[in-house]
Amino acid sequence: MDLGYWLPLFFAAAMGLAMLIYVLLDGYDLGIGMLLPFATEREKDTMIAAIGPFWDANETWIVLGVGILLIAFPQAHSLVLTSLYLPVTLMLMGLILRGVAFDFRVKAGDAHRDKWNRLFALGSLIASACQGWMLGAFVTGLKGDANSYLFSALIAVALPSLYIVLGAAWLLIKTEGELFDKAAGWGRLAVWPMGMGLVLVSVATPLANPAIAAKWFTLPNAIGLAPIPLLTALTWAGLVWVFHSQQMLRHGYGWLAFLALVIVCVLASFGLGYSLFPDIVVGRLTIWEAASATESLLFTFWGAAIALPAILIYTVFIYRVFRGKATDLSYE
Amino acid sequence: MEFDPFLLARLQFAANISFHILFPTITIGLCWVLLYFRVRFTLSGDKAWEYAYFFWVKIFALSFALGVVSGITMSFQFGTNWPGFMERAGNIAGPLLGYEVLTAFFLEASFLGIMLFGKDRVSNRVHLMACSLVALGTTASAFWILSLNSWMQTPAGYRLEDGVFFVDNWLAVIFNPSFPYRFAHMLNASLLTAAFLIMGVSAWRAIKQVDGPATWKVMRTGALMAAVLAPLQVLIGDMHGLNTLKYQPEKIAAVEGVWHTEKGAPLTLFGFPDEEQQTTHMAIKVPKMASLILTHEWDGELKGLNEFQGRHPPVAPVFWSFRIMVAVGMLMVLMGWWASWRLLRTRIERYENHRWLLRAMSAMTFAGWVAVLSGWYVTEIGRQPWVVHGLLSSAEVVADHSSATLTGTLFGYVLLYVFLLVSYIGALRYLATKPARSLSLMPQHRAMQQARADQGGA
């Protein structure tokens, strides 16, 4: 077996997986953060309680994603992060505000609570929008011309709306009563920009990169790949339906919305992965060109092979411990 | 005005890492202290230990959040500010950071949820296990990051091909020559920082008369930790210094202000180093002491800065940081002994009996921060001009951002950090002054407060 071939492939897949899990998990945290200003004081506490035990671990997935980029593809890591210096910096500031506001809002005293609630929402919005911008820039190959800026700007709106839908769907699982109804309403609104974002990425990626267009639109590939966009569209329609169907919502099937989102995101990342492969920086670097030395990859591989399954197992354990509707967070 | 982008990139990284290190320093140590509180409660059933846990876990959570978010910034800045480092040393730095994420970050972040909010959802045993795992996670995190930092100071186990580092021997890389000393020094520093924090905040609570039995138990724990660990730190620090002398003699030359190689070098207690004139103005010196401390011989030879022309760190910041660290360290030793002696001798837990001690303890709440920051400045500024000692210079690996971009983002970061630091200390004050529901006032204090209120009313 040729390790020099397989190890970069393994790490590229692991990075994709980490990023996908990040979008799904921290996506709902950030979404709930952005929804915070639209809730009453009492509801705000419940919303925070719905993400309290999880957000820290959720955020760690982006550290793993960027970590793998750094460990396995140092050349790409430098290229991507220096090109995206400003959005990365802004995103970090957003994540900082969001993360600390979490604690400060209950610990700094009631006089400061409003301020920290606002900073929580602002931080979530900045971080989400910057991540959208970075995704847009990454997909169009870090070019920096007017078209790719426009595209990045559109994704900077689309990704936050995906996060908001995720947040709303998470609230359907974790809350009940008025807040539950509100969450369904938020979901109904946000699915539209999210759907538009999906279409936009799907159309613009091949338009911006002829090589990617060739991969999708030549026969017989086109037929084999058709299920990806079709299934995505169907699942999205199902998602809209769940948010609208009082019957589904009333009878405890609200969690289907989150499931639908997981399916949409998995399909989308398959599509994206297929488009980009084997490049790690579109049109410039392949995963093999950017990879670190094989012996370094192998050393990390053994660690990852043991640690990743363990991480997944205890993540599931934590979610089981805190399953069910959110109760007020208490340290005592 | 144009600033040098290299200097700005360094300043930005320094601002970030200085802000970041404040919080892990607290959490690495505090986590073991929390575990101790939990174990004490489990063994004795004394509610006070549980209250101590509840009170301090809140501060732990807040500090942890600040550490996590500022740490994420660090992981991105390797790429955004120092791309050359990852391109050249990525084969070594990458896996070490990777192991930190895989073995530490997820562990601590995941079980933190149970540690903070899971008490009613899991058994006492699982909760204790969660606390232990978070403590292990924070320590493992320190292990990997200090291993990498030490490797940058004393590289080993590598080979260079066309300017790129490759690994020859992972064990030699991880357990490089300065690692054991740096790791021990930092872990102990962390425990000491936590000790002075819990002691200082408890003293503050006693001064403000919102203390309960738990407050004094915590204070005593902190005092005993300080009394044992502060002298131990002096010992570890000395061993660490000898290790540095062996591998980075120019750093020691800057620390001691030794301008020219000499035998029987004096110990400069104080003075103003002047790099242009290669002398220390107004120096107060103890003859032959530097040689004695560093070589354990009266006439031992110390290499001077003159042997490292253009390859030694800026002298004044290293010289000064070192003296601040040592001075604070000595104060910590004295404070630890004084506090333990007083608190163990008299078991009376009243403000009136310990006025001066309590004031001194609360004044030293953040003594650990000062010592840790100045210590890191000694070792990090002392590593310059290298990023990997002797092999790769910092200037070679910097990103070429415009100085306008760097000035803007530096300004943003500093503003944010100052705001967060003020908020953090504000929140700490608020939590410390608030009579926690669970921390019932002691009977004698209630009577006393009643008496005061009566007097005021009369």
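**View 1. Two arginines sit over tryptophan rings.** B:Arg359 lies over the face of B:Trp356, 4.9 Å from the ring centre. A second case is B:Arg345, found over the face of B:Trp341 at 4.7 Å from the ring centre. Keep in mind, here and in every other view, that this is a predicted model.

**View 2. A:Phe10 and A:Phe11 form an aromatic pair.** Searching the whole structure turns up 54 aromatic pairs over all chains. In this one, the ring centres of A:Phe10 and A:Phe11 are 5.0 Å apart and the planes meet at 80 degrees, so the pair is edge-to-face. A:Phe10 is partly exposed, at 28% relative accessible area, while A:Phe11 counts as buried at 3%.

**View 3. B:Phe19 pairs with B:Tyr417.** With centres 4.1 Å apart and planes at 15 degrees, the rings of B:Phe19 and B:Tyr417 are stacked. B:Phe19 belongs to helix 1 (residues 5-44) of chain B and B:Tyr417 to helix 14 (residues 403-433) of chain B, so this pair ties together parts that are 398 residues apart in sequence. Both B:Phe19 and B:Tyr417 are buried.

**View 4. Ring pairs build a cluster with members from chains A and B.** A:Phe299 is linked through ring pairs with B:Tyr99, B:Phe143, B:Trp144, B:Trp170, B:Phe175, B:Phe179 and B:Phe183.

**View 5. Helix 2 of chain B packs against helix 14 of chain B.** Their axes are 10 Å apart and the angle is about 170 degrees, which means that helix 2 and helix 14 of chain B are roughly antiparallel. From helix 2 of chain B, the contact uses B:Phe55, B:Ile59, B:Leu62, B:Ser63, B:Leu66, B:Thr73 and B:Gln77. Helix 14 of chain B brings residues including B:Tyr413, B:Leu420, B:Tyr424 and B:Leu428, and also B:Tyr417, the residue whose ring stacks with B:Phe19. Sorted by class, this contact between helix 2 and helix 14 of chain B has 12 nonpolar, 3 polar and no charged residues.

**View 6. Helix 4 of chain A meets helix 2 of chain B.** The axes of helix 4 (residues 74-83) of chain A and helix 2 (residues 47-81) of chain B come within 7 Å and cross at roughly 90 degrees, so the two helices are roughly perpendicular. Chain A contributes A:His77, A:Ser78, A:Leu81 and A:Thr82, and chain B contributes B:Ser75, B:Phe76, B:Phe78, B:Gly79 and B:Thr80. The class count for this contact of helix 4 of chain A with helix 2 of chain B is 3 nonpolar, 6 polar and no charged residues.

**View 7. A:Thr232 is a buried threonine in helix 11 of chain A.** The helix spans residues 227-244, and A:Thr232 has a relative accessible area of 11%. Apart from neighbours within four places in sequence, A:Thr232 is in contact with A:Leu198, A:Pro227, A:Val264 and A:Leu267.

**View 8. Some backbone spots deserve a second look.** Most residues other than glycine have a negative phi, and most peptide bonds are trans. The bond from A:Phe277 to A:Pro278 is cis, with omega near 0 degrees; A:Pro278 is in the loop between helix 13 (255-276) and strand 1 (279-281) of chain A. B:Gln384 and B:Pro385 are also joined by a cis peptide bond, with omega about 0 degrees. B:Gln209 has a positive phi, near 60 degrees, and sits in the loop between helix 6 (179-207) and helix 7 (213-247) of chain B. At 8% relative accessibility, B:Gln209 counts as buried.

Technical notes: Residues numbered from 1 in each chain as written. Chains lettered and ligands numbered in written order. Predicted model: local features only at pLDDT ≥ 70, side-chain atom pairs only at ≥ 80, totals over all residues. Heavy atoms only, no water. Phe/Tyr/Trp six-rings, centres within 6.5 Å; stacked < 30°, edge-to-face > 60°. Buried < 20%, exposed > 50% of the residue type's maximum accessible area, 1.4 Å probe, protein only. Helix = DSSP H or I, 4+ residues; strand = E, 2+ residues; numbered from the N terminus. Lys NZ or Arg CZ within 6 Å of the ring centre and 35° of its normal. Axes fitted to C-alpha atoms, helices over the stretch in contact; angles between N-to-C directions. Parallel < 35°, antiparallel > 145°, perpendicular 65-115°, else oblique. Contact = heavy atoms within 4.5 Å. Nonpolar A, V, L, I, M, F, W, Y, C, P; charged D, E, K, R; others polar.
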